[in-house]
Amino acid sequence: MQKIRLILNQNCQYNCIFCHKENIHYRNQSKSLNAQDYAFFVRTAKQLGFNIIALTGGEPLLREDILDIIKAIAKTKCKLQITTNGILLNKLNKINCIDHINVSLHTLDKNVYNQITNSNKDPMNILKYIKEFKSINSTALKINMLALKTLTLNKDNLSKMIDICKQLGIELKIIELLNHKSSLYFPYKDIQAQLQKLGYQSLRDYRGGQVLINSTSKVIIQRCLCNYIKGRDDSDSYCQKYNDLFLTPDGQINYCRYKEPLNAYDFIKSRDKKQLKNLIEKSITLTNQCPLKTDIKKQILT
């Protein structure tokens with residue numbers, strides 16, 4: 001495990017039909033970590049081999065102190081990523097210490113976009129914000145598109161999203177839906193098949209997924225980890241290799257979507273590096289007890 005996802009909030013301008021909040025719901029919203037708390041946690045985790053930090057939410061750019069958080073974490077010299085819905089992307093226009101930005105943009109069709117996000121936003125505005133950002137900032141940017149049957153993984157939408165990414169000179173990542181029981185679920189192997197019809201061939205593996213190329217562009221497809229490892233004998237080792245640790249705003253370390261978190265809040269606030277390292281090490285060890293080898297009693301929230 002090399003990546004830690006810092007869940008900065010659970011607030012968002014949208015209420016997407018697929019959102020599962022990583023099945024992580026922090027309990028005490030009055031006990032929130034600040035920029036220096038996050039920096040301390042990241043410095044400690046870095047000593048244990050974690051060198052990639054992803055800021056997520058909710059919508060992380062809704063945090064009033066988001067720029068303080070970004071600057072504090074950047075000082076740790078870890079690779080810093082952020083995932084956003086793009087509405088407030090201009091907050092990052094003049095920030096140059098982020099290594100990678102992921103913008104969730106599933107379609108450019110306004111009706112479909114509003115159906116997915118339960119909003120009245122225009123996805124063309126998100127596209128405009130991306131273009132504005134790219135005109136003044138060289139930070140790498142990727143568009144994340146969730147694979148949703150009939151909504152996004154139809155030939156017309158897929159081709160349009162590939163084309164717009166070509167025009168912008170950015171990567172498109174297609175992500176498998178977590179809830180495999182949903183009527184919108186589109187399996188990973190079918191995503192591969194759709195791209196193969198468009199002339200794409202596998203280039204290399206990518207965190208349990210693949211990078212595919214054709215003569216003009218590159219596309220990343222991301223397998224849903226929990227769907228893939230369910231019932232596999234090697235689920236423990238696979239999870240430990242490709243899964244991420246999550247830290248909630250109230251200092252809970254989540255090492256598995258289906259298990260209770262470990263409380264790191266007091267250790268972070270008291271700057272107890274020894275105890276915090278022990279807890280992070282414990283969380284890494286506990287990933288070797290994957291519940292997906294057997295039936296899961298706790299159902300995923302979607």
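**A walk through the predicted model**

Glu132 lies in helix H4, which runs over residues 123-136. The model is predicted. Glu132 is partly exposed, with a relative accessible area of 37%. The C-alpha atoms of Glu132 and Asn93 are 8.2 Å apart. Along the chain, 39 residues separate these two.

Next comes confidence. The chain has a mean pLDDT of 88. A pLDDT of 70 or more is reached by 86% of its residues. Over residues 295-302, however, the pLDDT is below 50. This stretch still has 17 contacts in the model, beyond near neighbours in sequence. Where pLDDT is low, the predicted coordinates should not be read in detail.

The largest nonpolar core holds 83 residues. Leu6, Phe41, Leu55, Leu92, Ile130, Ile174 and Leu195 touch the most other members. Helix H1 gives the largest share of this core, seven residues. In soluble globular proteins, nonpolar side chains tend to be buried together.

Ile130 is one of the core residues that touch the most other members.

Turn to helix H10, residues 273-286. Its 14 residues, at 1.5 Å a residue, should span 20 Å. The end C-alpha atoms are 20 Å apart, so the model agrees with that expectation. Which residues of H10 are buried? They are Leu276, Leu279, Ile280, Ser283 and Leu286. These residues cover an arc of only 120 degrees around the axis, so they sit on the same side of H10.

What do the buried residues of H10 pack against? Two helices are among the partners: H1 (35-46) and H9 (265-269). The strands are S10 (245-247), S11 (252-254) and S12 (262-263).

Last, the cysteines. How many disulfides does the model have? The count is zero. A disulfide is a covalent bond between the sulfur atoms of two cysteines. For Cys12, the closest cysteine sulfur is that of Cys16, 6.1 Å away. The cut-off is 2.5 Å, so the sulfur of Cys16 is too far from that of Cys12 for a bond. Cys12 is partly exposed, with a relative accessible area of 36%. Cys97 is also partly exposed, at 29%.

How values were computed:
Residues are numbered from 1 along each chain as its sequence is written. This is a predicted model: local features need pLDDT of at least 70, side-chain atom pairs count only at pLDDT 80 or more; totals for chains, interfaces and linings use all residues. Side-chain values use heavy atoms; hydrogens and water are left out. Helices (H or I, at least four residues) and strands (E, at least two) are DSSP runs, numbered from the N terminus. The expected span of a helix is 1.5 Å times one less than its number of residues. Buried means under 20% relative accessible area, exposed over 50%, partly exposed in between (1.4 Å probe, protein chains only). The arc is that of the directions from the helix axis to the C-beta atoms. Contact means heavy atoms within 4.5 Å. A nonpolar core is a set of buried Ala, Val, Leu, Ile, Met, Phe, Trp, Tyr and Cys residues joined through side-chain atoms within 4.5 Å. pLDDT is the predictor's confidence in each residue, from 0 to 100.
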